Amino acid sequence: MEKEEQVYRILQLYDRFRKGETINKLETAKSLDVNERTVQRDIQSIRMHLEKSTVAQSIHYSRAENGYRLVGDREGLSPKELLTVTKILLESRALNAEEMKNLIASLLAQGTKDDKKFIQAIVGNELLHYRPLQHNQPLLDMLWAIAASIRSKTVIEIEYQRMDYQKKHHIVKPVAILFSEYYFYLIAFIHESEYQSPIIFRMDRICQFKLLNRKFSFAEKDRFEEGMLRQRIQFMYAGQLDRLQFIFRGVTIDPVLDRFPNGRIVKTLEDGWLIEAEIYGTTGCMMWLLSQGKKVEVVKPQDLRTQMKDTIDAMAGLYQEE
């Protein structure tokens with residue numbers, strides 16, 4: 001019986017260490033109804049186990065915190081990280097209510113009871129009034145399955161519902177899953193197509209998909225780099241790779257460079273900055289450029305500059321008095 005109690009105490013202490021807690025001997029001894037020497041022996045048992053194992057972890061005493069902590073590679077998230085990830089998830093509205101609730105519950109299960117209680121007090125109201133996106137589709141199973149096809153470089157067939165509600169089948173080479181402004185997107189290339197630019201599918205509009213018994217690969221010169229693509233597809237619209245130049249006359253340039261991760265300042269002007277960035281397609285970035293009003297002036301490409309002017313003229317016509 002005594003041996004079983006010792007095993008239980010050691011497992012309990014190790015679990016608390018893994019969750020990032022600081023173990024104070026006196027407080028722990030009182031809570032477990034044992035003396036401090038017993039707690040010390042239990043901690044020493046954990047320390048010896050870690051020294052013999054292959055994990056890069058050890059137990060250290062912290063004078064500042066008056067207790068023992070697990071240091072090195074750790075499992076799970078710290079309380080600060082749990083709170084941060086939970087807030088980001090709720091703000092994203094990326095999942096339906098059931099998946100979001102289950103995911104947050106799984107995250108909070110990594111923390112201690114006190115951590116869980118604290119975070120629930122912070123986000124409880126948001127979770128109670130959580131409103132998913134209009135599509136309300138479950139996504140986690142699909143995300144995992146398509147991620148596996150990307151990993152294995154397997155061609156997939158999808159049935160996709162367009163914005164006009166028409167459905168179409170595509171056979172594609174999946175290369176990335178990206179998240180942007182509420183939605184998950186599949187980035188893919190049409191299989192056996194001469195069109196070299198990626199196609200973007202909003203994942204909640206994928207009605208069905210299946211893996212085909214075909215593998216794909218890219219020549220080294222065409223090797224796909226997800227990080228570079230993410231910088232060029234800022235607005236989740238497809239199209240040919242193009243070079244955008246525009247003048248920004250706002251108060252600060254930081255939000256612009258955040259919006260265009262590969263953007264650079266070509267020239268600093270008296271009243272603003274000349275910015276250059278690489279983009280796939282102009283449809284998405286045009287909507288953002290228009291949202292900036294008179295702070296933005298497109299320089300290149302010329303067809304986008306003309307399109308901007310025509311759109312602004314048409315908008316102005318809507319406000320002309322009879």
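**Salt bridges, strands and helices in a predicted model**

Colleague: At 9% relative accessibility, does Glu-276 count as buried or exposed?

Modeller: This is a predicted model, in which local features need pLDDT of at least 70 and side-chain atom pairs count only at pLDDT 80 or more, whereas totals for chains, interfaces and linings use all residues. Residues are numbered from 1 along each chain as its sequence is written, and side-chain values use heavy atoms, with hydrogens and water left out. The term buried means under 20% relative accessible area, exposed means over 50%, and partly exposed lies in between (1.4 Å probe, protein chains only). Because its relative accessibility is 9%, Glu-276 counts as buried.

Colleague: With which residue does Glu-276 form a salt bridge?

Modeller: A salt bridge requires a side-chain nitrogen of Lys or Arg within 4 Å of a carboxyl oxygen of Asp or Glu. For Glu-276, the closest N and O atoms of the pair are 3.3 Å apart, and the partner is Arg-243. Arg-243 lies in strand β8 (residues 241–248) and Glu-276 in strand β10 (residues 273–280), so parts 33 residues apart in sequence are tied together; helices (H or I, at least four residues) and strands (E, at least two) are DSSP runs numbered from the N terminus. At 43% relative accessibility the partner counts as partly exposed, and the residue asked for is Arg-243.

Colleague: Which residues are linked with Arg-243 and Glu-276 in a network of salt bridges?

Modeller: The search of the whole structure finds 15 salt bridges. In the network, Arg-243 and Glu-276 are joined by Arg-264 and Glu-278.

Colleague: How many residues apart are the parts tied together by Asp-271 and Arg-249?

Modeller: Asp-271 and Arg-249 form a salt bridge, with 2.8 Å between the closest N and O atoms. Asp-271 is in the loop between β9 (264–268) and β10, while Arg-249 is in the loop between β8 and α9, so the pair ties together parts that are 22 residues apart in sequence. Asp-271 is partly exposed at 44%, as is Arg-249 at 31%. The separation asked for is 22 residues.

Colleague: In which helix does Arg-259, the residue paired with Glu-181, lie?

Modeller: The side chains of Glu-181 and Arg-259 meet in a salt bridge of 2.6 Å, N to O. This pair links distant parts of the chain, 78 residues apart: Glu-181 is in the loop between β4 (167–180) and β5 (183–190), and Arg-259 is in helix α9 (residues 254–259). At 21% relative accessibility, Arg-259 counts as partly exposed. The helix is α9.

Colleague: Why is strand β3 largely enclosed by the rest of the structure, and how many of its residues are buried?

Modeller: Strand β3 (residues 154–161) is joined by six bridges to strand β7 (residues 206–215), running antiparallel, and by six bridges to β4, also running antiparallel; two strands pair if DSSP finds at least two bridges between them. Glu-159 stands opposite Gln-208 in β7, and Ile-156 has Val-172 in β4 as its bridge partner. Strand β3 is largely enclosed because the number of its eight residues that are buried is six.

Colleague: Against which elements do the buried residues of α10 pack?

Modeller: In helix α10 (residues 283–291), the buried residues are Gly-284, Cys-285, Met-286, Trp-288 and Leu-289. Contact means heavy atoms within 4.5 Å. These buried residues pack against β8, α9, β10, β11 (296–300) and α11 (302–318).
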